[in-house]
Amino acid sequence: MASTATMSDSASHPGWLRLTHWLNALAVLIMVTSGWRIYNASPLFGFSFPQALTFGGWLGGALQWHFAGMWLLFANGVFYLMLNIASGRLLRRFFPLSPRGVLRDLSTALRGKLVHDDLSHYNQVQRLAYLFAIVDITLLVLSGLVLWKSVQFGLLRELLGGYETARRVHFGAMALLMAFVAVHLVMVALVPRTLLLMITGKGGKAS
Ligand code: HEM
């Protein structure tokens, strides 16, 4: 979709955004693969994850990685959110957002008619997907806190429907995040210029 945005490339993908994005991707990788190892030790459903896709070696090791990765995910996420909100970028890049706008941009995308001239502008499907990822990771952290210290976070545990429900919420949020990442990677592969922009901060405008 064409944009009227006049921001420079690095203003749309500033250094702190690129750094926190890649640290977040690393933290998610550690959390998901060590989480699968922990899950395999006591599967909630009738299947296990292939051992080769898990990380941490053994249950104790995976738990250590999961706790270490949690601090990276949490601290990096708080830093990203604070800067995104304080700089006004969150409002600028992710809003306005409406069901009508999402349907319009989705239909344009499915017809292969989205314009990618100006990558400093997110279409409404992207906005929704990115906001979803942010909310979903927040839910992962909150439900993780309940599984980690269920007694200390008693109120949160009750809000999430109890320990057993929190376990299912944690698993469901992980599955949805993986669905997001799968679609995200396909979209990046379709418009590789976005990757250059997320790495270097340059190349947002088509020449
Ligand atoms: C693993 C978990 C990941 C999550 C949760 C995630 C999430 C996000 C979010 C929320 C944004 C928007 C950030 C903002 O503008 O404030 C974003 C942008 C982006 N991500 Fe990721 N990401 C992940 C992994 C990756 C990976 C592995 C790649 C590339 C191989 C990637 C490439 C990109 C690119 C290129 C953009 C910019 C898209 C554009 O400018 O249109 N991401 N990601």
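## A buried serine

Ser150 has a relative accessibility of 18%, so this residue counts as buried, given that buried means under 20%. Keep in mind, as you look around, that this is a predicted model.

Where does Ser150 sit? Its place is in the loop that runs between helix 6 and helix 7 (154-159). Setting aside neighbours within four places in sequence, Ser150 makes contact with Leu145, Arg157 and Tyr163.

## The iron site

Now let us turn to the ligand. Which residues coordinate its iron atom? They are His21 and His184, each through NE2, at 2.0 Å. The site of the iron atom is octahedral, with 6 donor atoms and angles of 82 to 179° among them. Because His21 belongs to helix 2 and His184 to helix 8, the pair ties together parts lying 163 residues apart in sequence.

Is His21 buried or partly exposed? Its relative accessibility is 23%, so His21 counts as partly exposed.

## The second largest pocket

There is also a pocket to explore. The second largest pocket has a volume of about 760 Å³, and 30 residues line it. Nearest its centre lie Gly35, Ile38, His66, Leu147 and His170.

Helix 2 (15-41), helix 3 (59-86), helix 6 (124-148) and helix 8 (163-190) are the elements that each give two or more residues to this lining. Helix 2 gives the most, with 8 residues. Sorted by class, the lining of the second largest pocket has 24 nonpolar, 5 polar and 1 charged residues.

Terms used
Residues numbered from 1 in each chain as written. Predicted model: local features only at pLDDT ≥ 70, side-chain atom pairs only at ≥ 80, totals over all residues. Heavy atoms only, no water. 1 Å grid on protein atoms, 1.4 Å probe; cavity = no way out; pocket = protein on both sides within 12 Å on 5 of 7 lines; lining within 4 Å. Points joined across faces, edges and corners; volume = space filled by probe spheres on them. Helix = DSSP H or I, 4+ residues; strand = E, 2+ residues; numbered from the N terminus. Nonpolar A, V, L, I, M, F, W, Y, C, P; charged D, E, K, R; others polar. Donors = N, O, S within 2.8 Å, 3.2 Å for Na, K, Ca; no water. Tetrahedral: all angles 85-135°; square planar, octahedral: opposite > 155°, others 65-115°. Buried < 20%, exposed > 50% of the residue type's maximum accessible area, 1.4 Å probe, protein only. Contact = heavy atoms within 4.5 Å.
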